[in-house]
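Welcome, and get your viewer ready. We will go from stop to stop, selecting a few residues each time.

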Amino acid sequence: MSKIVTLNGNMAIAEAIRQINPDVVAAYPITPSTSIVETVAQYVADGLIDSEFVCPESEHSAMSVCIGAAAAGGRVTTATASQGLALMWEMLYIAAGLRLPIVAAIVNRALSAPINIHGDHSDTMGARDSGWIQIYSENAQEAYDNFIQAFRIAEHPDVRTPVMVTFDGFIISHSLETMKIEDDEAVKKFVGEYSPVYPLLDTDNPITVGPIDFTDFYFEHKVNQLEGIENAPKVIEEVGKEFGKRFGREYGFFEEYRMDDAEVAILLMSSAAGTAKETVDELRAQGKKVGLIKLRVFRPFPARKLAETLSRLKAVAVLDRATSPGAEGAPLFVETRSALFDYPERPKIINYVYGLGGRDITPEHFHQVYRKLEKIASTGKVDQYYGYLNLRE
Amino acid sequence: MKKAKTLEELKNATWKELPIGTVNPDPANSLKNFTGTWRSGKKPIFKKDTCIHCLFCWVYCPDMAIIVKDGKVLGINYDYCKGCGICEVECPTKPKSIEMVKEEVTLS
Amino acid sequence: MVRLRELASMEDRLVSGHGLCLGCGIPVIMKVVLRATTDPIVIANATGCLEVCTSRFPWTSWRTTWMHSAFENAASTIAGVEAMYKALVRKGKIPKDKKIKFLAIGGDGGTYDIGFQALSGAAERGHDFVYICYDNNVYANTGGQRSAATPLGASATTSPAGSKIPGKMQKRKDLTQIMAAHGIPYVAQASPHRWMDLYNKAKKAFEVDGPAFLNVLTPCPLEWKYDESQGMRIANLAADTCVWPLYEVENGKYKINYFPKEKLPVIKWLEPQGRFRHLFKEENKWLIDEIQKSVDEDWERLQRLAKL
Ligand code: SF4
Ligand code: SF4
């Protein structure tokens, strides 16, 4: 039976892990993802799940254990954040290169220096080219839903690519929320049985994995790897629809909020969408044609779909919770602007960086952005395409 | 898409035909890689008359190039022997039952 | 007592056609070790000579299941494989009676240095695996840089012998003792030239329940700079000079497995190797005395430990 409960993001992920009962969980504690690992450890200690729980001595080893375990031929998961993800960096590429369908919960947290434990997206943005699929969640409900879907996506025979499901540190990981937990059996059924591909433990069919390639094979192996993430959009869509059918909450690549006749819009990811929606409602009540797009899947980037939606607007503000030092704007902005390049009709587009190191973003900041967008829409002029929100300047 | 399985298929595989995840499904296929071509100038000659079949040459050969059957040395597998000379050094008989001799190198 | 005749009748799990140097000590070790169990073996191999020279796609020299993921994580990779095995046995997806051995292999760079943390962690967690370090005293795969296993006085490309500094000025790290200090069931030091000793140690390592560590001296003609036919002689000299004593630590109990009939001076071990050639210059000879002193002290300490 599904039930309405009050949980924070980390507890919601732990619940999903309990329901899925993966074969191996290997994770290292780091704020703010620690309570996921602790809760899973308790589940194992209490016999609620029979996963093999490994506590490696670092995140690098945690991902290495995940890689060994996934290659061995079973379902594997982990959780980390920030520096932990950064320490895994080398192994993220290897997990993707070996096409191992590991699912990781990443609690977004700023990267050092200076050290900071609060939420921003610099950790997962740093991993955006690691070959992993990246799904961002607005709240605990979405984190839970996305995490369950992630196994289906990662393990699909056409995909076989690791997935990270992310949500904002503290704002989501530690804030209680009323949400729905689905029935244990229904979740198990949705996720399904794991079917391994080239498992190491099938010792009757010995294989060599992770060879050295010279110039004659590396390129082919890399393109062979990319096929997985290129096949992912179809599967992400199917799984999101099926999830909707089973549990009533359907998912796509992004959520359009009051976009029908919108002339200007904000594009962003994760928890800030909640506050932004309130602002949209206020402005709509005043008769302003404003909307919001909340991107869910950053990798693979749904460039065409997103551009089609954006191209009919007059002005768009892309809000990034990370920087890309030295680039023409922050990551989501650069991707979005590039996606629009082929469209003859395209909106004016600006970029704001917000919320670094957990800095608040309030309705006032969204009002500020929409005012700016309206001005751009009416004048057709952009005086400054890049700026910061809620920064002492 | 049919995936490459054997060494020959793997050698010519396009990116689509390669097994996923860098897997090589054809174990021990380096047996078709004849490292004997590495020998430069010397090769071991086996002399069965003095051999006491202690198999020291077998255990110490880095290239698994000493042919042994039923506990007896039959000779050297020149397909793989790289010509290091360990077998000669480790052979305990006097005179040696393996002797390194000059080898004409023919460049092909 | 196992006989070579028996070993020779078994199938090679690492086969010919690999690209390791002529005279390399690594495949000799693998030949013996991989015969020390008849169970299937899953190997996690750290980046290094063995990995690079046996896995060049589309070739492979492995008949057994083999995996490489990175340089510093052979121990955590095999820990993951072992964890999955335990999970799948518990869940009934792998039959209980299907025995598999888990083996991690690394060189000294991948074990003493960059992979040490992962090894220490996996040992502490008690995974049921064997770790073999083929210790050739140097980063051979990248062209001969010093590692924590490079001995005092050796010339390596990042501790070169020069007119002011005569090679590496630090003693090697004693990894075997460090692993023994983890309190794991089995730790041993071995040499390919003593094949039966190596075989017995590998067999024990595979048989114990929990982590086992084998440190095996590995002659490297390229970086030690000796005639490639002399590898096993040199390995033997390491044992006879007590530069590389052969011993084991079984459940905390030390046992020396080989006492040289006559303990040779270290000079016998240094002389045939080009990496020590500079030590024989007049101005560097003091270092040979230092090396002798350090070897004598270590050997004394080991004998004391074995008497406890
Ligand atoms: S010369 Fe070396 S490679 Fe050739 S058989 Fe003798 S030991 Fe083996
Ligand atoms: S080492 Fe010499 S005596 Fe022993 S088996 Fe080989 S050839 Fe014969």
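**Stop one: a surface patch**

Select Ile165(C), Met169(C) and Trp286(C): together they make a nonpolar surface patch of about 290 Å². Patch members have over 30% relative accessible area and no salt bridge, and nonpolar side chains are joined within 5 Å. A salt bridge here is a side-chain nitrogen of Lys or Arg within 4 Å of a carboxyl oxygen of Asp or Glu, and areas come from the Shrake-Rupley method with a 1.4 Å probe.

This is a predicted model, in which local features need pLDDT of at least 70 and side-chain atom pairs need 80 or more, while totals for chains, interfaces and linings use all residues. Residues are numbered from 1 along each chain, chains are lettered from A in the order written, and side-chain values use heavy atoms, without hydrogens or water.

Helices are DSSP runs of H or I with at least four residues, strands runs of E with at least two. At 48% relative accessibility, Ile165(C) is partly exposed, between buried (under 20%) and exposed (over 50%).

**Stop two: a helix**

Select residues 74-90 of chain C, helix H4. Of its 17 residues, 15 are buried, so H4(C) is largely enclosed by the rest of the structure. Next comes Gly92(C), which follows H4(C) and has a positive phi, near 75°.

**Stop three: strands**

In chain A, select strands S11 (264-269) and S14 (315-320), a parallel pair with 4 bridges; pairing takes at least two DSSP bridges. Where is Ala265(A) facing across? Ala265(A) stands opposite Val316(A) in S14(A).

Key:
Expected span 1.5 Å × (residues − 1). Buried < 20%, exposed > 50% of the residue type's maximum accessible area, 1.4 Å probe, protein only. Patch = residues over 30% accessible without salt bridge, like charges linked within 9 Å, V, L, I, M, F, W, Y side chains within 5 Å.
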